[in-house]
There are 2 protein chains.
Amino acid sequence: MPEQLADTVDPANWTCPAPLRDQPVVVMGHGGGGALSAELMEQVFAPAYGNAVLTGLADSAVLELGSARLAFSTDSYVVRPLFFPGGSLGDLAVNGTVNDLAMSGATPAYLSAAFILEEGVELTVVDRIARAMGAAAEAAGVTVATGDTKVVETGHGDGVYVTTAGVGLVPDGVDIRPQRARPGDAVIVSGPIGLHGVAIMSVREGLEFGVEVSSDTAPLADLVAAVLAVTPDVHVLRDPTRGGLAASLNEIARASGTGVRLRERAIPVPDAVANACGFLGLDPLYVANEGRLVAFVPPAAAEEILAAMRAHPQGGGAALIGECVAEHPGMVVVSTGLGGTRVVDLPLGEQLPRIC
Amino acid sequence: MPEQLADTVDPANWTCPAPLRDQPVVVMGHGGGGALSAELMEQVFAPAYGNAVLTGLADSAVLELGSARLAFSTDSYVVRPLFFPGGSLGDLAVNGTVNDLAMSGATPAYLSAAFILEEGVELTVVDRIARAMGAAAEAAGVTVATGDTKVVETGHGDGVYVTTAGVGLVPDGVDIRPQRARPGDAVIVSGPIGLHGVAIMSVREGLEFGVEVSSDTAPLADLVAAVLAVTPDVHVLRDPTRGGLAASLNEIARASGTGVRLRERAIPVPDAVANACGFLGLDPLYVANEGRLVAFVPPAAAEEILAAMRAHPQGGGAALIGECVAEHPGMVVVSTGLGGTRVVDLPLGEQLPRIC
């Protein structure tokens, strides 16, 4: 719903539009990873839990536990349909949590897997999801170590919901979090954007865009290791899932108090994604990804990091798409091909509900 | 559904009755913590994930991570109603996972909290659940460190589902797992049983049993610390939730290959629970608890451990209820007051769905 936000809004002072704020019930956008999700976090969860860790806005928490620096993250997966071109809920449930850990520089080690099953769902469906999780875990080098299963009555679920949590160790000397973005940082995306969202849209709406678009779901921890081998001084990593690149960059800009300037022509948008977005009236910057990361790195290391990404199977399409600037702190702008600029706002919700 | 199982069944060779096994869909009992849950774990999840950790049957996995011994556990909470005498889904979501960690002797440290919200649920309900979680976390000495929120359409959820995962450190020298039960062990329960299940039943069915019964939901890590202060050589700890004491004891008997013999008159069943169970035709041994533990300990330490429990706020009603024996390995029997014995089988599912 980015079009609902005027380009002149100051992101630092943005508030939820009054009609939604006055509506005292949960709406789909509260799960969309945009402004409504942030509001729920800031106004409900953070005060309730009474701690500052949650408000750090990172994909995973980095915690001291004994002598270890532990990364810890969780996500529930409610994507529909359960199976789509390029993957399934099971792949997302592993790769999504693995990637959240990797975005703090951690080496993912163990996952938990909790299923909420709807009475009457076929056991073969549960089996396919579980096998997809097992295969994805093996590919990502993690072990599913503990789990749970609950069953709810027909009409109180939707086949299969899975919640995974993950733990991993953060190497010494690595400190990757949104607050560390600083003016001058190079902004790199690891490959073409928008594939997951368009894949889901195409199967859900029965649309075809000339070629079948497959989700990009993939584990990114090994790609992160390749980047950290260039320099441990990576400032920010983020996997732009719900809300797309626009949501991730806005969160980083706000958390760090810097501005982000993108070059529109440098952003890798596959033709199929551009066509689908044109047809549907969407902006690729807001479309979800499940196998991409955006990195804020010192400018001196940018070329070498780009080369390392491009040499990796998950980073073949890596591109330098912009930089961090001191101007317009907290705001993301994009230079268009025509010499103008436009503001890229934090989306209100997600263009497409239940994308992951 | 314990009455469906003949007393002459050999638990070691028990299999799911043919009608259910041939039914290729998920039934409520798959989430009940009994034989159907075990079958799903053994036949679907363990092969899919391809590892032995999951089949250890403990409430939490104990993992090596760097130099740390980490306990890691997860549960989804789908209890209905969301609020009940003595607590709420929020209390269970914290105490349940804290207790699973504590049952491996770990000191619970951090929790994750993932919400699946149904579109249209009132934000005040979400807020009440979150505040209950915050208060329970503070009482248990843990921090909610990371979270997620997804929203599903009306009719695909039930207000609020919460999945928590937890991590904690296991102290050196502590090795608590079901396999360590051995003949001679004293079997101790930390207090009166059946309160949680009867509390849920009473509000859900609108029944009254003379006095209001409140759930026993409570964090047990501090009680475990008091037990470990007597001796680190505690063999097994278990919180008898879904499936009650019967399910927990059967799992321990099977995992260790020992028998368990209980003295019926020693088992602390409050009058209100006994009355409710009599009225409803249930066996208190199968009714869920959310603030009790059962401990298998060396007989020489039993008296001192009982005293330590009774001196603790969560263990005031602790009782020695039986012992571990070499006879009838894998089987739990109870000596009745009349001089006879009966087999206590693993339940098929849960007497009451969505108890936690």
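Q: How many residues of chain B are in contact with chain A?
A: There are 76 residues of chain B in contact with 76 residues of chain A, where contact means heavy atoms within 4.5 Å. Before we go on, please note that this is a predicted model, in which local features need pLDDT of at least 70, side-chain atom pairs count only at pLDDT 80 or more, and totals for chains, interfaces and linings use all residues. Residues are numbered from 1 along each chain as its sequence is written, chains are lettered from A and ligands numbered from 1 in the order in which they are written, and side-chain values use heavy atoms, with hydrogens and water left out.

Q: What area do chain B and chain A bury between them?
A: The two chains bury about 6600 Å², with 68% of it on carbon and sulfur atoms. Buried area is the accessible area (1.4 Å probe) that two parts lose on being put together, so the value is a sum over both.

Q: Why do the side chains of D75(B) and K150(A) count as a salt bridge?
A: Their N to O distance is 3.7 Å. The rule asks for a side-chain nitrogen of Lys or Arg within 4 Å of a carboxyl oxygen of Asp or Glu, so this pair qualifies. Across the interface of chain B and chain A, eight salt bridges are found. On chain B's side, α2 (35-49), β1, β2, β5, α4 (123-140), β6 and β7 (160-169) each supply at least two of the residues that touch chain A. Helices here are DSSP runs (H or I, at least four residues), as are strands (E, at least two), numbered from the N terminus.

Q: How does helix α2 of chain A run relative to β5(B)?
A: Helix α2 (residues 35-49) of chain A lies across β5 (107-118) and β6 of chain B, at about 145 degrees to β5(B). Axes are lines fitted to C-alpha atoms, for helices over the stretch in contact, and angles run from 0 to 180 degrees between N-to-C directions.

Q: Why is one side of β1 and of β6 of chain B without a neighbour in the sheet?
A: The open sheet has five strands in the order β1-β2-β7-β5-β6 (chain B), with mixed pairing. β1 (61-65) and β6 (143-152) stand at its edges with a single partner strand each, so one side of each has no neighbour there. The twist averages 20 degrees from one strand to the next.

Q: Why does R238(B) count as buried?
A: R238(B), in strand β9 of chain B, has 5% relative accessibility. Buried means under 20% relative accessible area, exposed over 50% and partly exposed in between (1.4 Å probe, protein chains only), so R238(B) is buried.

Q: What makes R238(B) and E251(B) a polar contact?
A: Their side chains are joined at 2.3 Å.

Methods: Two strands pair if DSSP finds at least two bridges between them. A polar contact is a pair of N or O atoms within 3.5 Å; within protein, one must be able to donate a hydrogen and the other to accept it, and residues adjacent in sequence count only if both atoms are side-chain atoms.
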